[in-house]
Amino acid sequence: MSDEGGALTCRLARLLAVACGVCVASLYYIQPLEAVVVNEFGISAGAAGIAATCAQLGYAAGLLLIVPLGDIIDRGRLIYLTMTVSVAALVAVGIAPNFPVMAITLCVLGFGSVTPQLIIPLATHLAPQGKEGAVAGKMLSGLLAGILLSRTFGGVVGELAGWRSVFLLAAIAVLALALTIRRKLPAPPPHGGFPASSYRKMLASLPVLIRKFSDLRGAAVNGFLMFGAFSCFWGTVALHLAEPEIGLGAREAGLLGLTGIVGVLMASPIGRIGDRHGTALPIGIGSAASLLAYLVFFSFGGSVLGLTVGSVILDLGNQFGQVSNMARVQALGDDIRSRTDTVFMFSYFLGGSAGSAAGAMAFGALGWPSTCILGGSMALLALLAHILHTHALHHDRRV
């Protein structure tokens, strides 16, 4: 598969969006199953939160070490490779005999789940000029749909058939999609082998890009904090629902994930807003919405209605931020798309890992209110950082 030239057809866009969703879903099956894992392995709530953190740390490592290769070798080969790793890791998680083995295999699963970050630069490269934001939104719609359905699938199937069946069934789905993609995509052009020296130079160029592009730094900081706030909630809500005062299980935690449908439907319109009016406005809206969500969680998080309303606002805010930040970094240059995507998404999922781990530890130590304070603080910092970044850009332009 070559990403040089050509055009992004509707059929190809749909295929790529579906692939984004199916592949990223592997990261999130564990979230509604945390209370079940606590019971089976006899671990603490804080330790259960480490499981989600392991997957996201593995994903961050894959972003740093694999995704930049998309700028120097064929992305089709990388897509098939990462999907194959995901299949093997899903099976390994599904048969893990104890929690340490499960945590290690979740790291590997995260490492192999970076396929969407290889797909998005390809899709935006092929997009018509001026439509990059809308195309990024479409890919992220597929990605968010995968996150949304993963929580519902994991929670419902986990309660009905056991948590292990979730990962084994997912392995079958990813394998089927990988074989379909390999068959549908044209063969890659002849390749001269793995350019090790170019790979080292490419990794060394990442700090250079960070220093060079202010928008890349702004997106990385905002993404770290916003996804940290997002993951703080989703990494602990299953444990909160299982508390005696609420008394709900994995199925309900999974069904709560359906609130993300609002974000899925809004992804493409958000991308169009960024194309027409710039990305600063939707990023600010997303940061403010995330803060509002935590005010709702803190005030009304003891009820299912409060959690539902807050999660809708949080999902929508995160989508505003992710789509617009992604469009911002993808606009920095066609020949550096994979690397700018790497910097942004590495920071993004590093924030998610921090939010999941810190949220679970806060919940285990002081309960739900402390989790809300932590997540709300990250959302507030995201908003303040964005305001300062926007102000600095305006000042530089006047000078």
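The model is predicted, so local features need pLDDT of at least 70 and side-chain atom pairs count only at pLDDT 80 or more, while totals for chains, interfaces and linings use all residues. Residues are numbered from 1 along each chain as its sequence is written, and side-chain values use heavy atoms, with hydrogens and water left out. The count of salt bridges comes to 2, and the search of the whole structure finds 0 disulfides.

**Terms for burial and helices**

- A residue is called buried under 20% relative accessible area, exposed over 50%, and partly exposed in between (1.4 Å probe, protein chains only).
- Accessible areas come from the Shrake-Rupley method with a 1.4 Å probe, and for residues only the protein chains shown count as cover.
- Helices (H or I, at least four residues) and strands (E, at least two) are DSSP runs, numbered from the N terminus.

**Salt bridges**

- Side chains of opposite charge can pair when their charged atoms come close.
- A salt bridge here is a side-chain nitrogen of Lys or Arg within 4 Å of a carboxyl oxygen of Asp or Glu.
- Glutamate 40 and arginine 164 form a salt bridge through their side chains, at 3.1 Å from N to O.
- That pair links distant parts of the chain, 124 residues apart: glutamate 40 is in helix α2 (residues 34-41) and arginine 164 in helix α8.
- Glutamate 40 is partly exposed at 41% relative accessible area, and arginine 164 is partly exposed at 24%.
- Arginine 328 and aspartate 215 also meet in a salt bridge, at 3.9 Å from N to O.
- Arginine 328 lies in helix α15 (residues 304-330) and aspartate 215 in helix α10 (residues 214-234), so this pair ties together parts that are 113 residues apart in sequence.
- Arginine 328 is buried, with 8% relative accessible area, whereas aspartate 215 is partly exposed at 22%.

**Cysteines**

- A disulfide is defined as a pair of cysteine sulfur atoms within 2.5 Å.
- For cysteine 20, the closest cysteine sulfur is that of cysteine 23, at 7.6 Å, which is too far for a bond.
- Cysteine 20 is buried, at 0% relative accessibility.
- For cysteine 54, the closest cysteine sulfur belongs to cysteine 107, and the 4.0 Å between them is too far for a bond.
- Cysteine 54 is buried as well, with a relative accessible area of 10%.

**Surface patches**

- Patches are made of residues with over 30% relative accessible area and no salt bridge; like charges are joined within 9 Å, and nonpolar side chains (Val, Leu, Ile, Met, Phe, Trp, Tyr) within 5 Å.
- Lys and Arg count as positive and Asp and Glu as negative, with His and the chain ends not counted.
- The place of a charge is taken as NZ of Lys, CZ of Arg, CG of Asp or CD of Glu.
- Arg11, Arg14, Lys138, Arg183 and Lys184 form a positive surface patch.
- Helices α1 (10-24) and α8 (163-184) each give two or more residues to the positive patch.
- Arginine 14, in helix α1, is partly exposed with a relative accessible area of 48%.
- A nonpolar surface patch consists of Leu380, Leu381, Leu384 and Ile387, which together have about 340 Å² of accessible area.
- Leucine 384 is in helix α17 (residues 368-398) and is partly exposed at 41% relative accessibility.

- Leucine 90 is in helix α4 (residues 75-94) and is buried, with a relative accessible area of 0%.
- From C-alpha to C-alpha, leucine 90 and glutamate 245 are 34 Å apart in space, and they are 155 residues apart in sequence.
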